[in-house]
Amino acid sequence: MAGEKGSLLFSLVSRGAVVLAEQGSDKTEAARAAPRVARRIIEKLSASNNRVTYSQDSHLYHILCENGIIYLCMADESFGRRVPFAFLEDIKQRFSSQYGATVSTALAYAYNTEFSRVLRQQMEYFSSNPNADSINKVKSEIAEVKNVMVENIEKVLDRGEKIELLMDKTDRLQGEASRFRGQARKLKNQMWWNKIRNMMLLALIIFLVIYFILALACGPKLKCSG
């Protein structure tokens, strides 16, 4: 199954830099960052019809641009390129047939309420259904994805944007490190209190044992006769 090799984590449809609908997840840090990265990409894209893939770490951003409309998805690198582009072709057909010429004047997120559900449904289908891959193998427009240019995402970002993304990632790592230190400190305190409680319990047990022995020898009031 395709889902065993990776999955689609984010997708959007835009008119130039105007996002019309999008769908993502918060499964991973990369998925949570995908909307921000995707917007940076579409701001840099030309309006010409093309297919392109940008790589970032272990993820790929696949883009299909046609008639000024951009169809984008982000997936695990291990997911390959054929299925993501099959997904984009499917979304292109559904979106164009549903909205037609109205997209030329639509406001940002005009179709998000309706079409985000379609994006989610098709992302799940192409990520997990084994038929998604086998069916689209025979589509001629998908068969040539090996010719799609793959570029590093840094090529579409200027130096300031690269630094900003790096700082965002650093801030997240620092935040995770801070949470880890806090959890470690909490665990250390908990272990210390457990140790104190166990020592107090042991002292109480020893006291009761000694008292019990003395009580047997001298009576409950510990008045032993000389």
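# Close-up views of a predicted model

A search of the whole structure finds zero disulfides (a disulfide is a pair of cysteine sulfur atoms within 2.5 Å). This is a predicted model: local features need pLDDT of at least 70, side-chain atom pairs count only at pLDDT 80 or more, and totals for chains, interfaces and linings use all residues. Residues are numbered from 1 along each chain as its sequence is written, and side-chain values use heavy atoms, with hydrogens and water left out.

**View 1. The overall fold.** The protein has six helices and six strands. Both are DSSP runs, numbered from the N terminus: helices are H or I with at least four residues, strands are E with at least two. Along the sequence, the pattern reads β-β-α-β-β-β-α-α-α-α-β-α. The protein has 226 residues, and 36% of them count as buried. Buried means under 20% relative accessible area, exposed means over 50%, and partly exposed lies in between (1.4 Å probe, protein chains only). Contact means heavy atoms within 4.5 Å. Of the contacts with a separation of 6 or more, 63% come from residues 24 or more positions apart.

View 2. A disulfide is a covalent bond between the sulfur atoms of two cysteines. The search of the whole structure found zero of them. C65 counts as buried, at 3% relative accessibility. C73 is also buried, with a value of 0%.

**View 3. S11 and its contacts.** S11 sits in strand β1, which spans residues 8-15. Its relative accessibility is 0%, so S11 counts as buried. Neighbours within four places in sequence are left aside here. Beyond them, S11 is in contact with A21, E22, Q23, L72, C73, F87, L119 and M123. One of these partners, C73, is itself buried.

**View 4. Helix α2 against helix α3.** Two packed helices are described by the angle between their axes and the distance between the axes. Helix α2 covers residues 82-99 and helix α3 covers residues 112-128. They pack at an angle of about 150°, and their axes are 11 Å apart. That makes α2 roughly antiparallel to α3. Axes are lines fitted to C-alpha atoms, for helices over the stretch in contact, and angles run from 0 to 180 degrees between N-to-C directions. Angles under 35 degrees count as roughly parallel, over 145 as roughly antiparallel, 65 to 115 as roughly perpendicular and the rest as oblique.

**View 5. Residues between α2 and α3.** From α2, the contact is made by V83, A86, F87, D90, I91, R94, F95, Q98 and Y99. From α3, E114, F115, V118, L119, Q122, M123 and F126 take part. By class, the contact has 11 nonpolar, two polar and three charged residues. Ala, Val, Leu, Ile, Met, Phe, Trp, Tyr, Cys and Pro count as nonpolar, Asp, Glu, Lys and Arg as charged, and the others, Gly among them, as polar.

**View 6. The loop between β4 and β5.** This loop joins β4 (59-66) to β5 (69-76) and holds N67. N67 is not a glycine, although its phi is positive, at about 55°. Most residues other than glycine have a negative phi. N67 is exposed, with a relative accessible area of 64%. G68 is found in the loop too, and counts as partly exposed at 25% relative accessibility. G68 and R15 are 53 residues apart in sequence. In space they are 6.0 Å apart, C-alpha to C-alpha.

**View 7. Y109 in the loop between α2 and α3.** Y109 lies in this loop. Its phi is positive, near 60°, in a residue other than glycine. Y109 is partly exposed, with a relative accessible area of 32%.
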